[in-house]
Amino acid sequence: MTHAQAPFGRWDPSPLTEVVARFSEEEAGWWVAGGLAIELAVGRPIRSHGDIDVLLLRQDQLMAQQVLAGWQWWCADPPGSLRPWMPDEVLPLGVHDIWCRPGPDDPWRIQVMLDESCGHEWVSRRDSRVRRPISALGMTSAAGIPFLAPDVQLYYKANAPRPKDEEDFDAALPLLTEQRRRWLADAITKSYGPHPWSKRLEA
């Protein structure tokens, strides 16, 4: 499902400062995700963004309703439909995207994504063999903004890279440590098989 699809309506992403102000009110972990996570890792703008993504662990999903109280929340039921997310409803496995807007006539402002965990480990929703400690799932910018570690974000982008994903990979690759390159190469191979990014990660 793309953000341009009708009849879901247009996007006008919330500023990063608003997202940080809202989500920082809660104690549960949260991370800026998507292309903005890559920008926070790189430390500079890379490209324009059609949305703004926040990652939560599924166990903390109701935090989104608390942070965005009074908003409309719609969950993306596979394959490719939106339905209202009811107050206090616990979304099941397989539902991992939530679109949020202040009201019915407003554009979509924030996308919340849910990921899995087991004990103290993050578990990829795409492949349960791909894991890491939750404590190492994200990083923090110089301004104190939590964001998804670039190797984890690039792992998701590697599934079917679009031009913007290639742009993000090019920007982040020089900053990846050897350990992060190895982790990403291994995760890509496990989940997707042979991949054009693999040789560049090993170089």
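In helix H2, the buried residues (under 20% relative accessible area; over 50% is exposed, and partly exposed lies in between; 1.4 Å probe, protein chains only) are Gly 35, Leu 36, Ala 37, Ile 38, Glu 39, Leu 40 and Val 42. This is a predicted model: local features need pLDDT of at least 70, side-chain atom pairs count only at pLDDT 80 or more, and totals for chains, interfaces and linings use all residues. Residues are numbered from 1 along each chain as its sequence is written, and side-chain values use heavy atoms, with hydrogens and water left out. Helices (H or I, at least four residues) and strands (E, at least two) are DSSP runs, numbered from the N terminus.

**Helix H2 and its surroundings**

- H2 spans residues 35–42 and is mostly covered, with seven of its eight residues buried.
- Those buried residues pack against helix H1 (16–23), strand S1 (31–33), strand S10 (146–148), H4 and helix H5 (163–172).
- Gly 43 follows H2 and has a positive phi, near 90°.

**H2 against H5**

- H2 and H5 pack at an angle of about 20°, and their axes are 10 Å apart. Axes are lines fitted to C-alpha atoms, for helices over the stretch in contact, and angles run from 0 to 180 degrees between N-to-C directions.
- H2 and H5 are therefore roughly parallel to each other (under 35 degrees; over 145 is roughly antiparallel, 65 to 115 roughly perpendicular, the rest oblique).
- Their crossing is left-handed: the near helix is turned anticlockwise from the far one by less than a right angle, whereas clockwise is right-handed.
- Gly 35, Ile 38 and Val 42 of H2 meet Asp 168, Ala 171 and Ala 172 of H5; contact means heavy atoms within 4.5 Å.
- By class, this contact has four nonpolar, one polar and one charged residues. Nonpolar covers Ala, Val, Leu, Ile, Met, Phe, Trp, Tyr, Cys and Pro; charged covers Asp, Glu, Lys and Arg; the others, Gly among them, are polar.

**H4 against H6**

- Helix H4 (residues 150–157) packs on helix H6 (residues 178–192) at an angle of about 25°, with axes 9 Å apart.
- H4 and H6 are therefore roughly parallel to each other.
- H4 passes H6 in a right-handed crossing.
- H4 contributes Asp 151, Val 152, Leu 154, Tyr 155 and Tyr 156 to the contact. H6 contributes Arg 180, Trp 183, Leu 184, Ala 187, Ile 188, Ser 191 and Tyr 192.
- The residues of the H4 contact with H6 divide into nine nonpolar, one polar and two charged.

**Aromatic pairs**

- Rings of Phe, Tyr and Trp (its six-membered ring) pair if their centres lie within 6.5 Å; planes under 30 degrees apart are stacked, over 60 edge-to-face, the rest tilted. By this rule the count comes to twelve aromatic pairs.
- The rings of Trp 73 and Trp 85 have centres 6.0 Å apart and planes at 65°, so this pair is edge-to-face.
- Trp 73 lies in strand S3 (residues 72–77) and Trp 85 in the loop between strand S4 (81–84) and strand S5 (97–101), so the pair ties together parts twelve residues apart in sequence.
- Both Trp 73 and Trp 85 are buried.
- For Trp 74 and Trp 108, the ring centres are 6.4 Å apart and the planes are at 80°, so this pair is edge-to-face.
- That pair links distant parts of the chain, 34 residues apart: Trp 74 is in strand S3, Trp 108 in the loop between S5 and strand S6 (110–118).
- Trp 74 is partly exposed, at a relative accessible area of 23%. Trp 108 is buried, at 2%.
- Ring pairs link Phe 8, Trp 11, Trp 74, Trp 99 and Trp 108 into a cluster.

**Single residues**

- Leu 55 sits in strand S2 (residues 53–57). Leu 55 is buried, with a relative accessible area of 2%.
- Not counting residues up to four places away in sequence, Leu 55 touches Trp 30, Trp 31, Ala 33, Met 113, Leu 114, Asp 115, Leu 137 and Leu 148.
- Leu 55 and Gln 153 are 98 residues apart in sequence, and 10 Å apart in space, C-alpha to C-alpha.
- Asp 88 is in the loop between S4 and S5. Asp 88 is not a glycine, yet has a positive phi of about 65°.
- Asp 88 is exposed, with a relative accessible area of 61%.
- Lys 199 belongs to helix H7 (residues 196–202). Lys 199 is exposed, with a relative accessible area of 68%.
- The C-alpha atoms of Lys 199 and Ala 185 are separated by 8.6 Å, with the two residues 14 apart along the chain.
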